[in-house]
Amino acid sequence: MTTYLITRHLATVDFLKTEFGYKNVTVITHADEKFFTALSLGDNVIGILPAPLMAKVCDKTQKPFSHFDISIPPELRGKELSVDDLKKLSPKITKFWIRIW
């Protein structure tokens, strides 16, 4: 079983490792076909994805998707945030089990 973290942001990786205890993660920068081919039953996936891709993760892993739930104010959008910036925004992990009907 592998735990994947989908992000392009290094501070997010550091934050999740230090604040949430995700120590042994495989970092993926994009949820592409190579990622979905490697994904297996029982794997854990953390990140921010659109609902159809979250559903695809849930279908392949048979586990909920762990959404990195963060509200970024307009003045910080588009900027590379630091670990300290992330701490101030108090993100959480919200689990979603999504299916396409």
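## Close-up views of a predicted model

**View 1. Glutamine 62 in its loop.** Glutamine 62 lies in the loop that joins helix H3 (51-61) to S4, here in a model that is predicted. Although glutamine 62 is not a glycine, its phi is positive, at about 55°. Most residues other than glycine have a negative phi. The residue is partly exposed, with a relative accessible area of 37%.

**View 2. Serine 90 in its loop.** Serine 90 is found in the loop between H4 and S5, and this residue, which is not a glycine either, has a positive phi of about 50°. With a relative accessible area of 54%, serine 90 is exposed, the cut-off for that term being over 50%.

**View 3. Strand S1 and its partners.** Strand S1 (residues 3-6) directs Thr3 and Leu5 one way and Tyr4 and Ile6 the other way, and all of these residues are buried. S1 pairs with strand S3 (residues 44-47) in the parallel sense over four bridges, and in this pairing leucine 5 stands opposite isoleucine 46 of S3. S1 also pairs in the parallel sense with strand S2 (residues 26-28), over three bridges, where isoleucine 6 stands opposite isoleucine 28 of S2.

**View 4. The buried residues of helix H1.** Ala11, Thr12, Val13, Phe15 and Leu16 are the buried residues of H1. These buried residues pack against the strands S1, S2 and S3, against strand S4 (65-69), helix H4 (83-89) and strand S5 (92-96). H1 is followed by glycine 21, which has a positive phi, near 80°.

**View 5. The largest pocket.** The largest pocket of the predicted model has a volume of about 440 Å³. It is lined by 23 residues, of which Thr7, Arg8, His9, Thr12 and Ile48 are the closest to its centre; Thr12 is also one of the buried residues of H1.

Terms used:
Residues are numbered from 1 along each chain as its sequence is written. This is a predicted model: local features need pLDDT of at least 70, side-chain atom pairs count only at pLDDT 80 or more; totals for chains, interfaces and linings use all residues. Side-chain values use heavy atoms; hydrogens and water are left out. Buried means under 20% relative accessible area, exposed over 50%, partly exposed in between (1.4 Å probe, protein chains only). Helices (H or I, at least four residues) and strands (E, at least two) are DSSP runs, numbered from the N terminus. Two strands pair if DSSP finds at least two bridges between them. Contact means heavy atoms within 4.5 Å. On a 1 Å grid over the protein atoms alone, a cavity is a set of points where a 1.4 Å probe fits but cannot get out, and a pocket is an open set with protein on both sides within 12 Å along at least five of seven lines; lining residues have an atom within 4 Å of a point. Grid points are joined across faces, edges and corners, and a volume is the space filled by probe spheres set on the points.
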